Amino acid sequence: MNPKLDLLYRLADDQLILGHRNSEWNGLGPILEEDIAFSSMAQDKLGHSLQLYMLLHELGEAEPDTVAFTRNTPQFHCCQLTELPIGEYDFSLMRHFLFDHAELLRFEALADSSYEPLALVARKVKGELKYHVLHANTWVKRLGTATEEAIERMQAALEFTLPYALGIFETTEAEPEIISSGLFIGEVELQRRWEASISKVLAQTSLVLPDLRLLTPVTGGRHGQHTEHLQPLLDEMAEVFRLDPTADW
Amino acid sequence: MYGSASTHDIPNQATTGLENEDPILLAEFEAHIARGEKIEPTDWMPQLYRKQLTRMIEQHAHSEIIGSLPEGTWITRAPGFRRKMAQMAKVQDEVGHAQLLYSAAETLGKTREQMLSDLINGKSKYSNVFNYPTPTWADSNVISWLIDAGAIVNQMANAKGSYGPYCRALDRICAEEAFHLKYGHDAVVHLATGTPIQRRMMQEALNRWWPAIMTFFGPSDKMSTHTEILMRWKVKMATNDACRQQFLDMYVPKIWEIGLTLPDANLHKNEDGVWEFSEPDWEDFKRVINGDGPCNAERIAVRRAAEENGAWVRRAMQQPQARYVRPLA
Amino acid sequence: MLFSLDPRISRLELPDSALPPPDKAALDQFPTYEVFHQRKENTAYVYVGPVHAPEADVAFLFGKEQFSRRFPCTGMWVVLTSAIKVTEYGDDQQSVYDRLPLLPADEIGTADASGLESYDIFHLKKRGKAHAHVGQVSAASPEAALQAAKASFGDQRPVVNVWVVRSADLLRSDDDDRDMWTTTPDKKYREAISYKVQDRIDRFKQEG
Ligand SMILES: [Fe+2]
Ligand SMILES: [Fe+2]
Ligand SMILES: [Fe+2]
């Protein structure tokens, strides 16, 4: 695949699917104020994905609604981390923490992308992502130093989520060209920065970061291989839209 | 919102308790209101005022948080980016409204713990319309447009009431309701003027919701001493009938102009400019508000589950040295 | 298991009938923090409302999305409710400073600045409106700060109510955090003005 398309689809699908998942908490969160904050961040993710699908549209791909609401599992390039069900709040927070650290670093790097329209989007959302990471860090630090119950839950969530989180950095065949053309710094470098960044926060908690080299990353998502959770998610998301994809809803 | 009227909850005890209040303080309190000044939390106020406002604001808050559920039903299925993001933002706003209103009620002395306990233990009421289901996307749109429209009629009136914290919350809420109303209208218009599938879906949803909408403002007020006092104190700002008439006047033409019909052959505006309609089934209304509606059990079960699933988070975040005082304003 | 029309709810796998939960313990909802925001550079911080939060940093996270997710914002302050000293409320035409009992000079604070601390002062100009920041004073206690506020800001009127906050108790957003709000005005899908449907209605009526 064309390296621009390859990169954009991965980014956009991640944002869409995780934004969709996180929106499931709306109205069901642990406290009213957090419910509101978490919804805002889910909306931001939808907003990011829309902007990225618009870039794809400018490059000749279909309309954002068509791309988002009519493709099926094999055509999606999100990492499997994003498609897992929301579980309990420990998992959803941990996913938010691990994903958004990578997201912030990714967009910081993309601000210097040789592909100017993408760099523009990245520069614009920087402040938004700063809030997301501030939110994630605050919660992880608080819960990761709180009651025994909370620390145990967060530790279990961390250990469960990490292999999926490593799947964020799965590369595709386009990777060498993505790097050489200056589109993006590449997943290896991103992962290096991410490890430093999450380690720094986790070090301020009672949580223990396992040795990442001993973990097997859960990959496949970037190549259209997904968990059994994605297709039902897509069917649900498009239930109304697919009643008549040509209608104006 | 969804306001006091929709639970029609004015106390009907024989006494107002006013004979036990200090006449000088009472006169001062009434003078504030007569001058158009707002009452603030630490001002002296009659027991009846505190009690009725607490109940009204609390029920309003419950209506927001419960009211987020029927539209939340479609949050993962909204068709297309524009609707998906707006549906999320709207449901979020309703949760936000609950937060604002619980805070306003807290300034009167009831804690949020107590209010949430009363809600999940079935001791409090909320707007009855949310005990009905939203089987299709169009049902959600009917709520976004017409239930919110009804809510706005109520809220605009209440925003001119006498209690400062409630007014501040309502000013903020009304500003957001403008988005809800336009979004809901936009979604309904798209369906009503769309494909045959969309139009049918819309008309069926409207038919389902119309009886509930007609009960939204509650039965005609019984004029009692209580009602009179609460109106003088600017707690109750408009009669249920006046609100209903205003709503019909503003929205029935907008419903008709997009080719939708309403399932009430008697609905029309008479020569005097008053809307006439078939009397809603108030017996059914009472049955549902007292717990026997299609979704009462689910609504409470969901709130309970949300509270219980989040309990470990709140336990973990608590600070041992924390101390609660009422919010200030 | 509870089947719901809402797929999210069905996934919660709730029992058909649950026992009523126990009443909530005290502080289950945390204490409250009062939130102030600044809508534009170089304008006063204005009170927007309370949030329930376990700590100031969490209150900031909560306050930002509850009170500044629409409209431009350039900064936010939060303070624990119990850390605010509140005067009584006056009438709309008066100044509560007029009712302030005079403190003996030695309680207002000594000329020696070592025991002095900075306090932030907020005024309510009209009942039903919101408190706005008017400035800072140095004083040895909240009571003394109120006296100092009277000296500095007492000529403003009406002043219906005054809040006094030890400056150190206010958590303030950093100047370089301002970019957290840069995209807020772009989120047009949350605004009423993005929904314009009259053309479609007119077209429908013409065709009809
Ligand atoms: Fe994010
Ligand atoms: Fe609302
Ligand atoms: Fe609303």
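Reader: What ground rules apply here?
Author: The model is predicted, so local features need pLDDT of at least 70 and side-chain atom pairs pLDDT 80 or more, while totals for chains, interfaces and linings use all residues. Residues are numbered from 1 along each chain, chains are lettered from A and ligands numbered from 1 as written, and side-chain values use heavy atoms, without hydrogens or water.

Reader: Which residues are the protein donors of the iron ion (ligand 1)?
Author: Donors are N, O and S atoms within 2.8 Å of the metal (3.2 Å for Na, K and Ca); water isn't among the atoms, so sites may look incomplete. Here they are Lys45(A) (NZ), Asp100(A) (OD), Glu103(A) (OE) and His132(A) (ND1), 2.0 to 2.4 Å from the iron ion. Along the sequence, the spacing reads K-x54-D-x2-E-x28-H.

Reader: Are Glu103(A) and His132(A) buried or exposed?
Author: Buried means under 20% relative accessible area, exposed over 50%, partly exposed in between (1.4 Å probe, protein chains only). Glu103(A) has 2% and counts as buried; His132(A), at 0%, is buried as well.

Reader: How many salt bridges are there over all chains?
Author: Side chains of opposite charge can pair when their charged atoms come close. The rule wants a Lys or Arg side-chain nitrogen within 4 Å of an Asp or Glu carboxyl oxygen, and the count is 70. One of them pairs Asp93(B) with Arg69(C), closest N and O atoms 2.6 Å apart. Asp93(B) is buried at 0%, and Arg69(C) is buried at 3%.
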